[in-house]
Number of protein chains: 4
Amino acid sequence: MASTQRFGAGIWHFATYVDRYATDGYGEPRSVIDAIDLAGQVRDLSVVDLNYPFFGGDFTNEQVKTALDRNGLGVIGITPEIYTRVFAKGAFTNPDHGVRRLAHDLVTEACDVVRSFGADYVKLWPGQDGWDYPFQVDYGELWQASMDGVGQLADENPDLRFVVEYKPREPRVHMSYSSVARTLLGIEKIGLPNIGILLDFGHALFGGEAPSDSAQLAIDYGRLFGMDVNDNLRGWDDDMVAGTVHPIELLEFFYTLRKNNWEGVWQLDQFPFREDSVEAADAAIDFLKACDRALDKMDMDAMREAQARHDAMGALRIAQQALFSSY
Amino acid sequence: MASTQRFGAGIWHFATYVDRYATDGYGEPRSVIDAIDLAGQVRDLSVVDLNYPFFGGDFTNEQVKTALDRNGLGVIGITPEIYTRVFAKGAFTNPDHGVRRLAHDLVTEACDVVRSFGADYVKLWPGQDGWDYPFQVDYGELWQASMDGVGQLADENPDLRFVVEYKPREPRVHMSYSSVARTLLGIEKIGLPNIGILLDFGHALFGGEAPSDSAQLAIDYGRLFGMDVNDNLRGWDDDMVAGTVHPIELLEFFYTLRKNNWEGVWQLDQFPFREDSVEAADAAIDFLKACDRALDKMDMDAMREAQARHDAMGALRIAQQALFSSY
Amino acid sequence: MASTQRFGAGIWHFATYVDRYATDGYGEPRSVIDAIDLAGQVRDLSVVDLNYPFFGGDFTNEQVKTALDRNGLGVIGITPEIYTRVFAKGAFTNPDHGVRRLAHDLVTEACDVVRSFGADYVKLWPGQDGWDYPFQVDYGELWQASMDGVGQLADENPDLRFVVEYKPREPRVHMSYSSVARTLLGIEKIGLPNIGILLDFGHALFGGEAPSDSAQLAIDYGRLFGMDVNDNLRGWDDDMVAGTVHPIELLEFFYTLRKNNWEGVWQLDQFPFREDSVEAADAAIDFLKACDRALDKMDMDAMREAQARHDAMGALRIAQQALFSSY
Amino acid sequence: MASTQRFGAGIWHFATYVDRYATDGYGEPRSVIDAIDLAGQVRDLSVVDLNYPFFGGDFTNEQVKTALDRNGLGVIGITPEIYTRVFAKGAFTNPDHGVRRLAHDLVTEACDVVRSFGADYVKLWPGQDGWDYPFQVDYGELWQASMDGVGQLADENPDLRFVVEYKPREPRVHMSYSSVARTLLGIEKIGLPNIGILLDFGHALFGGEAPSDSAQLAIDYGRLFGMDVNDNLRGWDDDMVAGTVHPIELLEFFYTLRKNNWEGVWQLDQFPFREDSVEAADAAIDFLKACDRALDKMDMDAMREAQARHDAMGALRIAQQALFSSY
């Protein structure tokens with residue numbers, strides 16, 4: 001039986017990038033329409049997550065919809081850009097009340113875009129919310145503001161789901177929503193049903209978490225609303241192609257999702273600075289499909305028994321046999 | 001007015017150590033009585049945290065009490081050794097039910113020692129509770145067992161306080177109680193009033209946390225029951241002498257405690273493998289006293305105003321001026 | 001007697017920045033002239049290191065010279081931008097011969113700028129020379145190309161000094177000139193007298209080095225041609241304000257320089273993304289001056305004796321007493 | 001054609017361990033004879049590296065030889081234990097001249113053991129040679145002593161080969177021979193032909209190196225005298241079972257050796273604290289054999305062409321196809 005697993009990607013996967021050194025960018029700028037047309041060339045992509053405002057020009061929802069349709073793509077989420085210049089010292093936690101309001105207004109606009117596209121969620125990645133130096137902020141107030149900003153939006157838009165994507169750091173030296181546990185603590189404190197976690201495999205690795213443990217925890221709280229994958233060297237959010245460094249832990253991540261009957265989209269959050277973006281997406285999805293096949297053939301009962309004994313060698317043998325014969 | 005700040009130390013500060021290379025130890029073995037007599041030589045030490053069972057011989061509570069009395073020392077906590085050989089694959093989370101029971105029984109004994117000494121808390125550091133390899137454990141079951149073990153003890157001993165000391169890893173590659181947020185999440189789930197956190201400054205640094213943020217969070221949940229300090233290079237739990245690497249963040253840590261009127265003991269958790277243990281404690285406490293004096297002279301209102309603006313340069317200038325003139 | 005220590009800064013300290021999230025930049029763009037006028041406002045700055053080509057417009061050497069003169073600034077070095085878009089896959093190690101030639105030509109132009117300003121050196125920071133993925137490159141060829149590129153330039157311009165600034169990574173996942181020892185190994189292999197190291201304190205910390213050990217090693221090979229300072233959390237090149245995280249190791253760095261009678265400029269390489277750049281430079285230089293005063297009062301003989309015994313506690317007490325009373 | 005690749009292991013792989021927490025050890029103590037008999041149970045082990053003095057009792061070379069013979073094992077190297085209590089503050093770099101002499105004498109004895117067993121080399125792992133605190137040592141003198149200690153031994157025993165195994169840290173916070181480049185720099189300065197590197201895959205990963213790059217560099221200097229493998233999370237020397245975390249980079253490591261016609265033993269340096277040591281060795285060697293088969297089927301020309309373009313996606317596809325079908 002053919003797998004029915006669906007794959008997605010952040011549309012920024014198909015953009016070009018700048019950083020503090022290559023200020024002229026790692027390629028010619030692309031509009032969101034260009035990026036969608038590239039996404040359409042990937043062999044097995046069903047949905048994308050769109051930044052809002054749409055980049056590279058003034059495009060209406062309709063224009064974007066047309067581009068998506070001609071490429072057979074749906075929209076899974078909308079990511080309001082609450083991490084650009086005006087938000088450099090924070091969106092929800094900015095010391096300036098007016099900027100906090102701007103963040104709220106931008107996300108509120110994004111809510112309408114979610115409704116317009118029938119997307120699954122508003123994705124909040126408050127990457128500028130945090131601090132850089134010792135003594136810089138009052139931590140209690142900062143954390144309260146982090147929760148208030150998200151809570152108010154979720155409260156005002158009960159028809160929508162909000163996902164928070166945590167990360168330890170970058171671009172701030174410390175980010176407010178830094179770990180799976182910290183984010184769950186905040187979500188439980190806010191106490192609304194329509195806030196969940198977007199779990200990025202690489203952010204979990206970067207934060208010293210075992211991504212499968214993070215997924216299980218979020219699932220056990222009923223808060224795993226979305227996920228995406230990539231890879232890195234554990235010391236930074238490198239957003240490399242999924243499976244190129246940590247294939248075993250990535251397989252385990254999908255194993256954990258399947259064990260829990262978590263049936264969402266397997267998304268990519270990669271930044272192919274110097275690679276062809278279509279080739280980078282195809283390479284990742286090919287590996288994800290190998291994982292899917294490996295799970296089909298894995299002896300799940302034997303795995304459970306090995307885990308019940310905390311038998312690392314036994315469990316890994318089962319996993320290696322499945323994965324290393326599935327490509 | 002002289003400061004009334006009290007200082008403490010884990011009694012292991014005055015022991016000698018082994019590791020996987022120097023299996024013959026970094027010095028002649030010492031008994032707990034030897035260690036107490038060394039602790040008594042530190043200029044300003046009021047209390048100690050005692051491992052249980054007492055190391056280096058069969059000593060009664062009375063014998064230990066006598067040694068403490070002659071050195072003018074009280075007992076702040078008892079640390080049952082739930083991380084020795086029998087617990088190598090976990091105490092509360094061991095796959096073997098019999099070992100989990102052993103852990104429970106050992107801590108229960110330690111409860112009586114706490115009562116006997118009139119100590120403040122039972123300290124739980126389940127260092128072997130975790131995992132090493134991908135696929136080794138069922139994360140949901142492991143975490144549930146982590147909470148159950150602690151919860152049962154707290155439930156059975158409502159007259160006592162229990163503190164959980166989290167750490168990202170070592171000796172396991174991943175430790176179950178890994179971060180301040182994860183531990184609070186567990187404590188809140190257990191839902192008992194007599195479980196709190198023992199916040200180790202170095203463990204927070206090692207875990208990528210800002211220790212002051214961790215302290216504030218634990219305080220805001222009413223769960224900061226104890227703390228200790230040391231220093232490291234952020235990549236491992238080096239247990240170096242406090243203030244030798246991160247003096248500014250250590251000052252900020254004490255600033256955060258004072259701001260919240262947290263009035264407990266400032267403890268040391270150092271492992272002076274190659275240093276004289278009395279000298280290492282004196283060096284740390286001298287720095288802690290400098291921090292205390294710096295806080296006395298710091299312009300708290302100006303600090304609050306700088307923090308309200310997220311003004312790192314302004315806040316740091318206030319902190320530097322206070323600290324760098326207080327030694 | 002007043003100190004005669006001179007201070008410098010990379011001119012980019014006074015620019016604004018972009019990163020992959022705030023693609024609209026952390027402030028209004030500034031030209032090199034704007035930046036020089038800001039640098040002139042710093043209380044004690046003598047020299048700057050200039051990017052080439054000059055940023056923010058078409059400026060002649062003369063226009064830049066005029067701006068420098070009116071701000072009382074000299075030029076210590078020129079940094080050709082061999083890390084922009086065209087060099088995304090490497091400058092000296094680019095797989096495309098034509099791009100390698102472009103790098104060579106740009107640096108050759110920069111040599112003339114060095115001559116024009118009477119600067120001390122051409123600074124080479126081949127940040128794009130390296131690799132991202134396993135299996136991506138032939139390591140032997142890549143390293144040979146790294147040495148050939150630098151060697152050819154030094155050979156063709158024997159009247160000039162070239163400094164290589166190493167860093168473990170960023171923007172590549174692995175950078176070719178990654179550590180002090182690797183760079184010295186390369187320089188010794190090239191075998192020319194006019195190539196040295198520009199030692200960045202933060203890059204050494206980031207690479208797990210002790211910056212003082214790195215400085216001593218480079219000095220012992222006669223290759224410490226320049227240095228700059230900043231601070232970070234050891235896990236990334238944060239380019240934070242010097243002394244805000246690691247004041248003791250920064251003092252030790254200057255101690256090492258003084259002990260060896262190394263008498264160059266103390267430079268800043270900071271990226272104040274969200275801070276006022278003049279204030280950030282002033283804050284750093286104020287700390288550097290405190291270090292200078294601390295060294296004046298430090299008991300150098302006692303320090304040497306403590307170090308001869310590897311007596312960490314004794315040595316640190318001397319250092320702390322000097323530093324923590326010098327602000 | 002059957003592979004002729006030979007496999008080896010450090011004999012400590014089959015010992016039990018202590019650490020600073022489980023001071024009663026992770027199992028019953030074993031003698032070197034016990035360990036050899038366990039090593040003999042591993043399916044495909046040809047040689048071992050022996051600690052000297054032999055652990056767990058007073059054994060003669062003959063007794064050890066008898067045990068090796070009955071298990072069909074040869075000796076590849078001897079590792080003198082220059083990292084026990086007496087050497088806590090250093091072997092070659094100890095501040096006490098008498099201790100430096102003890103280190104020299106112990107290694108000299110080990111030289112005779114090498115001769116007696118016809119082993120390939122004396123392995124030097126000066127794990128206590130380094131420092132812990134800022135200001136603790138004079139870095140220039142420490143490094144000179146590191147080179148002098150090794151150089152004198154190599155000079156006095158020109159009939160033998162010496163290998164230096166570098167590591168960034170542990171048990172010292174900074175180890176003197178810290179990286180491949182630093183070690184090569186020292187070896188080249190010493191200038192003797194009979195000193196090389198024992199490259200530990202995990203130490204290279206831990207140090208932020210790409211192990212294949214490290215191997216290539218050591219080979220290009222004619223100094224790769226030995227190697228061993230294991231795995232870790234890049235932040236510590238976890239000595240986990242090879243291939244369980246970084247299978248792709250481990251394959252690349254063997255690819256690099258084969259490309260250079262490096263034909264030594266593939267050794268294990270694992271510490272199975274909580275695993276059955278025979279099972280842990282079998283698991284690793286099974287993966288190593290899969291790598292060997294993968295290299296047999298890999299299209300080497302296509303790989304070279306991809307690498308000539310720095311084509312990460314193309315190169316990785318070749319590697320993944322080979323490895324993920326070879327188990």
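How much of residues 62-291 of chain A is helix, and how much is strand? Over that stretch the chain is 45% helix and 14% strand. Its end C-alpha atoms are 36 Å apart. Helices (H or I, at least four residues) and strands (E, at least two) are DSSP runs, numbered from the N terminus.

## Model and annotation

This is a predicted model, in which local features need pLDDT of at least 70, side-chain atom pairs count only at pLDDT 80 or more, and totals for chains, interfaces and linings use all residues. Residues are numbered from 1 along each chain as its sequence is written, chains are lettered from A and ligands numbered from 1 in the order in which they are written, and side-chain values use heavy atoms, with hydrogens and water left out.

An unreviewed UniProt entry places "domain: Xylose isomerase-like TIM barrel" at residues 62-291 of chain A. UniProt positions follow the numbering used here, feature names are shortened, and annotations may be inferred rather than shown by experiment.

## Chain A against chain B

The contact (heavy atoms within 4.5 Å) takes 49 residues from chain A and 49 residues from chain B. The area buried between them is about 4,200 Å². Carbon and sulfur atoms give 63% of that area. Buried area is the accessible area (1.4 Å probe) that two parts lose on being put together, summed over both. Phe135(A), Leu185(A) and His310(A) supply 22% of what chain A buries against chain B, more than any other three residues.

Four salt bridges are counted between chain A and chain B. A salt bridge is a side-chain nitrogen of Lys or Arg within 4 Å of a carboxyl oxygen of Asp or Glu. The interface also has 14 residue pairs in polar contact, both residues at pLDDT 80 or more. A polar contact is a pair of N or O atoms within 3.5 Å; within protein, one must be able to donate a hydrogen and the other to accept it, and residues adjacent in sequence count only if both atoms are side-chain atoms. Elements of chain A that each supply at least two residues to this side include H4, helix H5 (180-190) and helix H10 (300-308). H8(A) gives the largest share, six residues.

## Asp138(A)

Asp138(A) lies in the loop between strand S5 (130-131) and helix H4 (139-156) of chain A. Asp138(A) has a relative accessible area of 17%, so it counts as buried (under 20%; exposed is over 50%, partly exposed in between; 1.4 Å probe, protein chains only).

The side chain of Asp138(A) reaches the backbone nitrogen of Glu141(A) at 2.9 Å. It also meets the side chain of Lys259(B) in a salt bridge (3.1 Å, N to O). Neighbours within four places in sequence aside, Asp138(A) is in contact with Lys259(B) and Gln307(B).

## Chain A against chain D

Here the contact takes 30 residues from chain A and 30 residues from chain D. The buried area is about 2,400 Å², with 62% from carbon and sulfur atoms. Met313(A), Phe324(A) and Tyr327(A) supply 32% of the area that chain A buries against chain D, more than any other three residues.

Two salt bridges cross this interface. One of them joins Asp286(D) to Arg317(A), with the closest N and O atoms 3.0 Å apart. Six residue pairs are in polar contact. Helix H8 (247-259), helix H9 (277-297) and helix H11 (312-323) of chain A are the elements that give two or more residues to the side touching chain D. H11(A) gives the most, with eight residues.
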